[in-house]
Amino acid sequence: MGNWIRWAEDVMHLWFPRLCASCGRALYHGEKVLCTLCGYDLPYTDFHLVATNPAARQLWGRVPFVQVTALLYFRKGGGVQRLMHALKYEGYTEVGHFLGRQLGEKLLESPLYQPPDFIVPVPLHPRRQSQRGYNQCDFIAQGVSEILQAPLLKDFLVRTHFTHSQTLSGRDSRQSNTSQAFAIRAIAPNKGAHFLLIDDLMTTGATLEACATTLLSHTTGQISIATLAYTK
């Protein structure tokens, strides 16, 4: 049976080759999402090993948290940007799930790790999600949830204000756009819970600050934050 499955996979791969989400080359057997070379070249931050990492320092004094980390460095024109583009705009949602599992594994390795009770993805506004067809953070959070064995709360935190792309916005503009953009849809399953907030990219931290502030205003619990990538 195993040989037949392998043969069927070979035929499918011949007609519909699976491509590396970063470089676009065909993937070989055993490779998922990324080819071996691109996987080897991923720019890991190792923030999970340092409490005073740059992502954590960026949120100091803005929101209380247990831990803040990011998996990868984001650089314009780099492989991580191509991965993020594939995830957000090309429907390659497996990128989010694949890297989300890696993020979860890094958290488990961390001496700072405190198990979360719930995983909460940063939500998209319904209009944005309708345009895109999905929320990329849901797939990242799903991967993290599988590794950490913590329940995923996809519809707990909602985005109430539609904002245009903030790619070129500065910190003050982002904070103004997001300060009251989120709300809680349902009663917290445990008001004293430890929530792990998941996003794709941390830049100024304004979105994460707004999400964390909203969560803390409706609970008596704690917040940790983890993102796929970090950029200064």
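Strands here are DSSP runs of E, at least two residues; helices are runs of H or I, at least four; both are numbered from the N terminus. This is a predicted model: local features need pLDDT of at least 70, side-chain atom pairs count only at pLDDT 80 or more, and totals for chains, interfaces and linings use all residues. Residues are numbered from 1 along each chain as its sequence is written, and side-chain values use heavy atoms, without hydrogens and water.

Select T45, D46, H48, T69, A70, L71, L103 and K106. They line the second largest cavity (points on a 1 Å grid over the protein atoms alone where a 1.4 Å probe fits but cannot get out; lining residues have an atom within 4 Å of a point). Its space is about 40 Å³. β1 (68–73) and α5 (94–109) each supply at least two lining residues.

Next, select Q67, T69, L107, Y113, Q114, P116, H194, L196, S224 and I225, the lining of the largest cavity. About 50 Å³ lies inside. β5 (194–202) and β6 (222–230) each contribute at least two residues to this lining.

Finish at C20 and C23. Are they bonded or too far apart? The C23 sulfur is 3.6 Å from that of C20, its closest cysteine sulfur, too far for a bond; a disulfide needs two cysteine sulfur atoms within 2.5 Å. The structure holds 0 disulfides. C20 counts as buried because its relative accessibility is 4%, while C23, at 33%, is partly exposed (buried is under 20% relative accessible area, exposed over 50%, partly exposed in between; 1.4 Å probe, protein chains only).

Definitions and conventions
On a 1 Å grid over the protein atoms alone, a cavity is a set of points where a 1.4 Å probe fits but cannot get out, and a pocket is an open set with protein on both sides within 12 Å along at least five of seven lines; lining residues have an atom within 4 Å of a point. Grid points are joined across faces, edges and corners, and a volume is the space filled by probe spheres set on the points.
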